[in-house]
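Subject: Model for your files, with notes

Dear colleague,

Please find below the structure I promised to pass on. My notes on what was found in it follow directly after.

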Amino acid sequence: MTGSEATFGTSTHKGLLLAVDEVNKAGGVNGKMLELISLDDQGKAEEAATAVTKLVTQDKVVAILGEVASSRSMAMAPIAQQYKVPMITPASTNPKVTEMGDYVFRVCFIDPFQGTVMAKFAKDNLKAKKVAILRDVKSDYSMGLSEFFVQSFKAGGGTIIETQSYSSGDIDFKSQLTSIKAKKPDAIFVPGYYTEVGLIVRQAKELKMDIPLLGGDGWDSPKLYEIGGEALNGNYFSNHYSSDDQNPLVQDFISKYKAANGGEVPDTMAVLGYDALYVLVDSMKRAKSLNGPDLRDAIASTKNFQAVTGNITLDEKRNPTKAAVVLKVDGGKYNFVGTISP
């Protein structure tokens with residue numbers, strides 16, 4: 001809730017609070033009220049590990065919802081696994097997260113799919129043949145997503161003509177962008193978080209690079225446009241939902257969220273937080289008991305759960321199979337371009 005990706009945590013938390021409030025007003029879970037204990041890990045892996053240890057050993061929680069970023073979830077997962085406390089991450093897309101143990105789940109799609117979506121979009125929609133990559137070497141999310149994009153783009157006959165790197169926290173990307181510009185790519189894939197992406201896009205514009213930048217769900221934050229401004233117009237990213245989606249479930253969620261949060265439109269993290277809580281509640285209602293193994297088994301058997309971000313059926317690796325949307329940034333809005341199914 002603080003640190004460089006603070007909007008990820010605060011948005012997820014707002015989604016969770018809304019869901020907890022609804023569940024408790026409707027009578028709780030099997031007659032018991034839910035209590036949400038929220039800790040801030042400041043966006044640091046070591047703090048995430050400390051927080052989860054406290055939640056499990058001192059607060060005796062029955063389940064953990066978090067983290068949202070893959071590197072932090074990977075710091076938490078072994079602890080949840082060790083204590084047999086089910087953990088559901090709303091938004092960590094790196095495949096390694098759920099591979100850390102059978103008590104670890106997610107409600108979001110994973111990066112092999114997200115990478116494929118953007119590679120397919122670059123090739124089919126933008127007719128790109130040559131793409132450059134600019135990735136964050138400190139981020140499991142960014143490195144994983146770039147790897148899957150590259151595999152898929154090459155498999156579809158495309159060429160990766162340049163790969164450049166940066167580290168989260170950097171503010172100057174001109175030398176990497178200048179090197180990329182010299183290779184004349186048709187597009188640049190930037191699988192980073194909004195903090196750096198906003199600056200990268202602005203600096204690309206200053207270098208008069210008139211080609212689309214593409215990214216993943218890490219771009220989605222109200223802060224993205226604050227940082228990048230009009231330089232973001234005409235760029236694209238994959239995401240878990242679009243507020244333009246006319247599905248009644250989506251529009252109903254948006255209106256409830258806006259009413260609870262002063263008219264603010266929910267971003268993807270808010271929706272995924274909300275969905276994660278409801279998947280947990282559905283599992284609690286079906287579980288034999290709320291002890292770790294019973295609750296774990298109930299979550300693992302989640303099938304056809306109607307969530308705001310789509311139907312959730314968890315596979316044997318505890319990942320859902322879901323569609324992704326592609327959004328285009330235009331004048332501060334993230335406009336729906338299309339849905340790509342697995």
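Strand β11 (residues 324–330) is mostly covered, since five of its seven residues are buried, buried being under 20% relative accessible area, exposed over 50% and partly exposed in between, with a 1.4 Å probe and protein chains only. Helices (H or I, at least four residues) and strands (E, at least two) are DSSP runs numbered from the N terminus. Please bear in mind that this is a predicted model, in which local features need pLDDT of at least 70 and side-chain atom pairs count only at pLDDT 80 or more, while totals for chains, interfaces and linings use all residues. Residues are numbered from 1 along each chain as its sequence is written, and side-chain values use heavy atoms, with hydrogens and water left out.

Leu327 of β11 is the bridge partner of Phe237, and Phe336 in β12 is the bridge partner of Leu327. Two residues lie between β11 and β12, which form a hairpin, and Gly331 in the turn has a positive phi of about 60 degrees. Further along, β8 (residues 236–239) runs parallel to β7 (residues 213–215), to which two bridges join it, and Phe237 in β8 is the bridge partner of Gly215.

These strands belong to an open sheet of seven, with mixed pairing, in the order β5-β4-β6-β7-β8-β11-β12. Its edge strands, each pairing on one side only, are β5 (159–166) and β12 (333–340). On average, and with direction ignored, neighbouring strands of this sheet are turned by 25 degrees against each other. Helix α5 (residues 140–155) packs on the sheet, where it touches β4 (130–136), β5 and β6 (187–189), and its direction makes about 165 degrees with that of β4. Axes here are lines fitted to C-alpha atoms, for helices over the stretch in contact, and angles run from 0 to 180 degrees between N-to-C directions; contact means heavy atoms within 4.5 Å.

Turning to the helix pairs, the axes of α4 (residues 111–124) and α5 come within 7 Å and cross at roughly 50 degrees. That makes α4 oblique to α5, given that angles under 35 degrees count as roughly parallel, over 145 as roughly antiparallel, 65 to 115 as roughly perpendicular and the rest as oblique. The contact includes Asp111, Met118 and Ala122 of α4 as well as Tyr141, Leu145 and Phe148 of α5.

The axes of α1 (residues 6–25) and α9 (residues 248–260), in turn, come within 11 Å and cross at roughly 100 degrees, so that α1 is roughly perpendicular to α9. Ser11, Lys14, Gly15, Leu18 and Glu22 of α1 make this contact with Phe253, Lys256, Tyr257 and Ala260 of α9.

One loop residue also deserves a note. Asn94 has its place in the loop between β2 (87–89) and β3 (104–106), and Asn94 is buried, with a relative accessible area of 4%. Leaving aside its neighbours within four places in sequence, Asn94 is in contact with Ser70, Arg106, Asp111, Asp140, Tyr141 and Gly144.

With best regards

How values were computed:
Pairing = 2+ DSSP bridges.
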